[in-house]
Each structure stands twice: as C-alpha cells, then as structure tokens.
Amino acid sequence: MKLANPDLLKFQNYIDGTWRAAARTMAVCDPANGELLGNVADGSAADAETAVTAATAALPEWRRRTAAERAATLKRWYQLIVENSGDLARILTLEQGKPLAEAQGEILYGASFIEWFAEECRRVYGQTIPTHNPAMRLSTIRQPVGVVSCITPWNFPNAMITRKAAPALAAGCTVVIKPAQETPLSALALGQLAHEAGLPKGTINVVTGSDAAGIGRVLTQDPRVAKFTFTGSTAVGKLLMAQCASTVKKMSMELGGNAPFIVFDDADMDTAVKACMATKFRNAGQVCVATNRIYVHQAVHDEFVEKLRTEMAALKIGHGTEAGINMGPMIFRRAVERVWELVQDAVASGANLEIGGEPLPNGENYFAPTLLTGVSDDMRIATEENFGPIAAVQQFTDETDVIRRANATPYGLAAYVMSENIRRANRVVEALEYGMVACNTGVFSTTVAPFGGNKESGLGREGGVEGMAEFYETKYCCFGT
Ligand SMILES: O=CCCC(=O)O
C-alpha cells in the first residue's frame, strides 16, 4: 500500500502507548479483489485485559487535567488527522471498499467529532440548586464516568471510533477500542496519530482481533470498565447488553434500523430521488440509517420509479480507488449472499425485479444496484434490514396509513419524509417513532446533532451535547452547616 506517510500503517495492537504483537496474526484483505493488505495482530481476551489495565492506570492523571489541557491535546489529534486525511482515506477504501471520495468524507466527518468535543468539554457545567433547607447548600458537579470500552463496526471504520472516543476522552475518560476484524487498519492509524498528538500512554488503546466473543466478554464484563459503547446489529447488541448487566455498566448502543422513506404526492420529485439515492447507495447501502422501505404515493409512483431507475442505472461500480466510482463492493461474500437471498425471496413472494437482482462479475463481493417494485410490508425485504444496494418500493394512498406502516417495526433509528407541504411535513415528522427524521434530504448526520435510535435501535445518543453527556456522571453535592 503506497502512502505519503508510511508510519500510518500499523499491524500491532496499540496498548499503553506502545505497539505490541499478539500471539497470532490475522489477514486483512481488500474486499474489492481479495488482495492481502497485511497481517494484523489477532489479539486475545488477555490482550484486552492488558488494555483495560493500561486504561485504568491512565485514568487518574487524564481526568485530573483541565478541560483546556485535554482540549489542546485532542485538537492536535484532529489536526494530524486532517493533515493525513489522504492516506487515511486510502487505507479506509482499501480495507473497507467504499469509494475514495466517500472515504475522504468519512475521515473529515470522523475528525469533526474530535474538534467539536474538544471545544465542548470546556462547557460542561454543574449547577447550584435552590436549597430546600436554609442550613444546606446544594450543587451538582459532572465527572468523567471512568474507563470506556468501545466495539466499532466495519462500515465506518474511522468515524464510529471518533464519535465514541472523542467525547469520552474530552470528558476525561480513558478508552479501549476493539475495531471490527475486517477493518483494523483505520483504527490502528488513528492510534498512531493519537500517539503523535501526545495522548498519554494508556489513555487510548486499540485491540484488534478475530475473537469477538472473548475480547467482547472482557470489554463488557471487566468490573474496571465503567461504560460500554457499541455500534452494530440489534441481535449482537442485545447479547452485549446482557453481558454488561453483570456489572451494571453504563451503555450506549447504536443498533440496527429499518428506515422508511416516504414520498408524498406533493414532494419535489427531483429532490426525493436525489435524497433516496444518497441514503440508499452510500457505502453500497451498508449504513445503519440507509433507507430500507420506500413508500411512494400512488399518484407519483411511476414517475418516482422511472427517475430512480435512471439514476441507479448511471451508478459507476468498481474499485473504490478508481476515478469516478460511485459504489464499491460489499464487505464480504456473506453480505452478498444475504442480499441476494432477500431479493429472491421478494421476487418469489410477488415483487417485480426492475433492475439488478444478482451479483456482478467485478469480483466476488459485488452486488448490482437493485430496484424492486410491488413490495409489500410482510416480505423479508421490508421486515429485515437489507444492508445492501436494494431499493424496495411500495405504494400508499393515505397519510395516516403510511405513518402506521412506517412505525410498524421494532426498529426506530432513522426515517425520511419527502413533501413540499410544511404542515404535512411537520405532522409526519412528529408522528414517526424514530430517533432521527430527515425531511427533503437524505444526508443528515453531523457532529453537532444527536445521532441515535428509539425502540430496538438503541440506547443513548452520539454527537451534540447529548453525546457529551453520555460520558459524565452527575454528582449531587449537599453541604450541611
Ligand atoms: O452506520 C452508521 C453511521 C452512519 C452515519 O453516521 O451517518
């Protein structure tokens, strides 16, 4: 892999400020062509324990620093990430598959969490409380929760780390990160830049490995860890939550979604199609907030489908480092097999296959952008998160009914509403039982706003002032006479 700064390419775990080999290694491959990128430490539960020990030892000194001191160090980390963004994007594309322009966007998005939380930690105020007793003085202070463990996914190998680690570090916590087995290189590169930025040893630790269960058990059950934060599927999230219960850890969970995308007959069709493309085909549909069910009003159904078909047919698919590519491979063959199965199930159940519908010859992890119409709510393609480049369209005629259908899922992460009628837009946005609702856009994620889900889509929020609050305990202080 050719990089301007070859120091970013690390293959060992970053624990207690040093690079450490593990007993075994694991292969990291380019999902676009299967080429070996390197052999990375295949860390164990014991390595995770060592990292927790380091984070525990580093905590007193890091939390003692003033917010301004922590902010200065985090700002240096941010600067280094921005300066190295070209290399970081290249590493990300090679190990994850998304087009280079998207990877560059993710690096800057990821860096923005570090900058923003570095600024925000200076404004974490307590309160003085009007007393209930003249002989007493009441106040609150906010203190870092302690050691934080993070398990992060392969779909955003950079930003899902910084979205967790930045507020934790800014708050005065120390962190242990277990990145996805498929995408450890981005995490290790972040570790290298944190080191260069001067984060003290043990403050941030990265343990890579294929033993997700073993490492996960340490990160969810070690009594020295105060808070656990996870992005991944609802099924895995539930298991991890159960493990966290044994030591009553604080938890943040960013879990699965089943996002409805509702196009009313008063929507601007070009805006709706552009938004749909943005939310559906970013990262080949492998995004927790990707549109999963597209509901289009009967009166505009054919027009919307035709425009969507044209846009989808124009997508350029290939290796993410090639110029002009809009969509890369899926992460692994298992993901391809799964979306293929969902498409076949939908067609067998009566859906119409408009375009796509099968793997592409580019390589074993490519799946064609696929448009299905005539989908119904009971098909697997509508009840399960497809996490792939599949646009599954249904029709509706009535506002109340489409809200009911959109809400009829155990998930509640993100939803999309397309309408030019401000009263309707307000009504529907408020009625949707989701943590995030975007109106007339398919792009809404930002550092400054709370990201997270309702129902089985998760607990807590990342980003914004809410994201900072996740890493503090509020202490009530009562002073008697
Ligand atoms: O898939 C999870 C994160 C997506 C985003 O931050 O927009």
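1. A polar contact is a pair of N or O atoms within 3.5 Å. In this predicted model, an oxygen atom of the ligand is 3.0 Å from an N or O atom in the side chain of Arg-163. For Tyr-109, the corresponding distance from a side-chain N or O atom to a ligand oxygen is 2.7 Å, and for a polar side-chain atom of Asn-155 it is 3.2 Å. The protein covers 100% of the 250 Å² of accessible area (Shrake-Rupley method, 1.4 Å probe) that the ligand has on its own.

2. Residues around the ligand (a heavy atom within 4 Å of it) include Met-160, Arg-282, Val-287 and Phe-451. The shell divides into six nonpolar, two polar and two charged residues. Tyr and Cys count as nonpolar here, and Arg as charged.

3. The whole structure holds 10 aromatic pairs, meaning rings of Phe, Tyr or Trp (its six-membered ring) with centres within 6.5 Å. The rings of Trp-154 and Phe-387 have centres 5.9 Å apart and planes at 80 degrees, so this pair is edge-to-face (over 60 degrees).

4. Residues are numbered from 1 along each chain as its sequence is written. Local features need pLDDT of at least 70, side-chain atom pairs count only at pLDDT 80 or more, totals for chains, interfaces and linings use all residues, and side-chain values use heavy atoms, with hydrogens and water left out.

How values were computed. A polar contact is a pair of N or O atoms within 3.5 Å; within protein, one must be able to donate a hydrogen and the other to accept it, and residues adjacent in sequence count only if both atoms are side-chain atoms. Rings of Phe, Tyr and Trp (its six-membered ring) pair if their centres lie within 6.5 Å; planes under 30 degrees apart count as stacked, over 60 as edge-to-face and the rest as tilted.
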